[in-house]
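Here's a quick briefing to read with the model open. It covers salt bridges first, then a pocket.

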Amino acid sequence: MKHTTAITAVLIILFLLTQIVGLKVISNYIVVKEVVKKETVIENGKEIVKEITIQEESFEELPYGLERPEIKEKTSYIQIALSIIIATALALILLKFQAMRLWKLWFFLSVFFTLLIAFNAFVSQIFALILALVFAAFKTFKNNVVLHNFSELFIYGGLAVIFVPVVNLTSIIVILFLISIYDFIAVWKTKHMIKLAKFQTRIKLFAGLLIPYGNKTAILGGGDMGFPLLFSGVLFKTYGWNAIITVITSAIALTYLLIKSEKGKYYPAMPFLTVGCL
């Protein structure tokens, strides 16, 4: 086991909380409306127009005029894959040139907007704005372990609300496979993901769970929480809270990885989490 039993348990619990809070954020953005539709039926050989009331579910707009990407559900995996490639390239450029101010700005804006969207699911827009500003500022400039991991519980729900409405089941499965292959290459082949993780941990601006203990630090990358939540969120659109099953199975997969992992080694989590999701 790579970490102590206690730290491993904390990582798993925080992972589960992140997924559950994320699904709650998604749930609070779903609006059920009653829509009256006209339907032509035949009764006693005559055509009769009847009005039928049905319930339709849709997603609320994002706060303060923020817009979701205009992409088609069937091909959304292409745009999302390209976005990941571009984001990784930018991160590596910032790392190469040690552009700390730009990194902090990118980090702050990412945290602020995702928290704004997530908090808006529970409180008014103005209160969500204030909370997001405060948490993003402290997380970027005056971070501590409790604040860091608490805000992580909401960040991925904010991300999911952006992408879940424009992703279908086929696309998210393709995304899971692509990100699993990428994670494998980035950790075990090119190893640039390890460099990024070490850099983020050192400057205390890590995107993901971070738990220091002794002279070590246990981490779980943001993508390892975001992509399973995106998968569960897409299922949530059809199956509601039954999607919690994939949260449990992905947590089991993560538990297996953490137990089997060895000290001092880095592992790509997404291949395991993808198996758990599917």
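A salt bridge here means a side-chain nitrogen of Lys or Arg within 4 Å of a carboxyl oxygen of Asp or Glu. Searching the whole structure turns up three of them. Keep in mind that this is a predicted model.

**Lys237 and Glu73**
- Lys237 pairs up with Glu73, and their closest N and O atoms sit 3.6 Å apart.
- This one links distant parts of the chain: Lys237 is in helix H8 (residues 223–239), while Glu73 is in the loop between strand S2 (46–59) and helix H2 (76–96), 164 residues apart.
- Lys237 is partly exposed at 23% relative accessible area, and Glu73 is partly exposed too, at 33%.

**Lys139 and Glu152**
- The side chains of Lys139 and Glu152 form a salt bridge at 3.0 Å, N to O.
- Lys139 belongs to helix H4 (residues 125–141) and Glu152 to helix H5, so the contact ties together parts 13 residues apart in sequence.
- Both Lys139 and Glu152 are buried.

**Glu262 and Lys265**
- Glu262 and Lys265 meet through their side chains at 2.9 Å, N to O, in a salt bridge.
- Glu262 comes out as partly exposed, with 42% relative accessibility, and Lys265 is partly exposed at 41%.

**The second largest pocket**
- Its volume is about 190 Å³.
- Helix H5 (145–163) and strand S3 (208–213) each give at least two residues to the lining of this pocket.
- Residues lining the pocket include Asn143, Asn144, Val145, His148, Lys204 and Pro212.
- Sorted by class, the lining has five polar, three nonpolar and one charged residues.

Methods
Residues are numbered from 1 along each chain as its sequence is written. This is a predicted model: local features need pLDDT of at least 70, side-chain atom pairs count only at pLDDT 80 or more; totals for chains, interfaces and linings use all residues. Side-chain values use heavy atoms; hydrogens and water are left out. On a 1 Å grid over the protein atoms alone, a cavity is a set of points where a 1.4 Å probe fits but cannot get out, and a pocket is an open set with protein on both sides within 12 Å along at least five of seven lines; lining residues have an atom within 4 Å of a point. Grid points are joined across faces, edges and corners, and a volume is the space filled by probe spheres set on the points. Helices (H or I, at least four residues) and strands (E, at least two) are DSSP runs, numbered from the N terminus. Ala, Val, Leu, Ile, Met, Phe, Trp, Tyr, Cys and Pro count as nonpolar, Asp, Glu, Lys and Arg as charged, and the others, Gly among them, as polar. Buried means under 20% relative accessible area, exposed over 50%, partly exposed in between (1.4 Å probe, protein chains only).
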